[in-house]
Amino acid sequence: VMSILLHGDAAFAGQGIVYETFHLSDLPSYTTHGTVHVVVNNQIGFTTDPRMARSSPYPTDVARVVNAPIFHVNADDPEAVVYVCNVAAEWRSTFHKDVVVDLVCYRRNGHNEMDEPMFTQPLMYKQIRKQKPVLQKYAELLISQGVVNQPEYEEEIAKYDKICEEAHARSKDEKILHIKHWLDSPWPGFFTLDGQPRSMTCPSTGLNEEDLTHIGQVASSVPVEDFTIHGGRS
């Protein structure tokens, strides 16, 4: 088992739980034997410039608190990303310590359907609109190197589009949503045949009133004679 956490750049720098979990990473009685942190760094937090959101140069600087190695990699270069991720996995496997992969990239569209990034980041998004998508960039590189040709590339794209279209068409036929379909490995016997949870019954674990009264009296009594209880505890 390997622990992998996926972060946004603004969340990595600004969420307290990131700092807290880094400090849990190497405790003597609690450890994951190293976590690979992958930061999708689109260089903007919703609509906030990094310089307005944090005091450090990089969103990943918080990882320096445990001396975790941090790899900054150009996400427009898929081969570099794969190489760096391999190094990160090897580091974690060898030293059992946290490691961070900072994917320096950009967000092509808004934070959500209501967000128009040109309103708050016009200069940045003028540049982004000129950028070729990473898939197109990588395909052109491979074609120029003779690794694949244009028809092969188009065939792969069509094959993937077909998978998506067929899945979309099948989804329209689904009338009932079964909980078990969303679990990777449903526990045997946890669900009934129709996918619904079994009734959560359990044997009675209650105590009778006499036992509870006895426990309460013992817990609230002084165990020895001539013993003065601290005023703040009485």
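A residue counts as partly exposed when its relative accessible area falls between the limit for buried, under 20%, and the limit for exposed, over 50%. In the predicted model described here, tryptophan 91 has a relative accessible area of 27% and is therefore partly exposed. Phenylalanine 95, with a relative accessibility of 47%, likewise counts as partly exposed.

The structure contains two aromatic pairs. In one of them, the ring centres of phenylalanine 12 and phenylalanine 22 are 5.8 Å apart and the ring planes stand at 85 degrees, so the arrangement is edge-to-face, given that planes over 60 degrees apart are placed in that class. Because phenylalanine 12 belongs to helix α1 (residues 9–14) and phenylalanine 22 to helix α2 (residues 16–24), this pair ties together parts that are 10 residues apart in sequence. Phenylalanine 12 and phenylalanine 22 are both buried. Tryptophan 91 and phenylalanine 95 also form an aromatic pair, in this case tilted, with 4.5 Å from centre to centre and 45 degrees between the planes. Both tryptophan 91 and phenylalanine 95 are located in helix α4 (residues 78–95), where they are four residues apart, about one turn of the helix.

Nine salt bridges are found in the structure, and three of them are described here, beginning with the one between aspartate 115 and arginine 107, whose closest N and O atoms are 3.8 Å apart. Aspartate 115 and arginine 107 are both buried. A salt bridge also joins glutamate 140 to lysine 132, with the closest N and O atoms 2.8 Å apart; here glutamate 140 is partly exposed at a relative accessible area of 34%, and lysine 132 is partly exposed at 38% relative accessibility. Within helix α8 (residues 150–171), glutamate 156 and lysine 159 lie three residues apart, about one turn of the helix, and these residues form a salt bridge in which the closest N and O atoms are separated by 3.3 Å. Glutamate 156 has a relative accessible area of 46%, so this residue is partly exposed, and the value of 43% for lysine 159 places that residue in the partly exposed class as well.

Helix α9 (residues 209–219) comprises 11 residues, of which the number buried is zero, so this helix lies largely in the open. At the start of α9, a side-chain oxygen of asparagine 208 comes to within 3.3 Å of the backbone nitrogen of glutamate 210.

With a cut-off of 2.5 Å between cysteine sulfur atoms, the count of disulfides is zero. Cysteine 85 takes part in no disulfide, and the cysteine sulfur nearest to it, that of cysteine 105, is 12 Å away. At a relative accessibility of 31%, cysteine 85 counts as partly exposed. Cysteine 105 is likewise in no disulfide, its nearest cysteine sulfur being that of cysteine 85, at 12 Å; with a relative accessibility of 16%, cysteine 105 counts as buried, because the limit for that class is under 20%.

Key. Residues are numbered from 1 along each chain as its sequence is written. This is a predicted model: local features need pLDDT of at least 70, side-chain atom pairs count only at pLDDT 80 or more; totals for chains, interfaces and linings use all residues. Side-chain values use heavy atoms; hydrogens and water are left out. Rings of Phe, Tyr and Trp (its six-membered ring) pair if their centres lie within 6.5 Å; planes under 30 degrees apart count as stacked, over 60 as edge-to-face and the rest as tilted. Helices (H or I, at least four residues) and strands (E, at least two) are DSSP runs, numbered from the N terminus. Buried means under 20% relative accessible area, exposed over 50%, partly exposed in between (1.4 Å probe, protein chains only). A polar contact is a pair of N or O atoms within 3.5 Å; within protein, one must be able to donate a hydrogen and the other to accept it, and residues adjacent in sequence count only if both atoms are side-chain atoms. A salt bridge is a side-chain nitrogen of Lys or Arg within 4 Å of a carboxyl oxygen of Asp or Glu.
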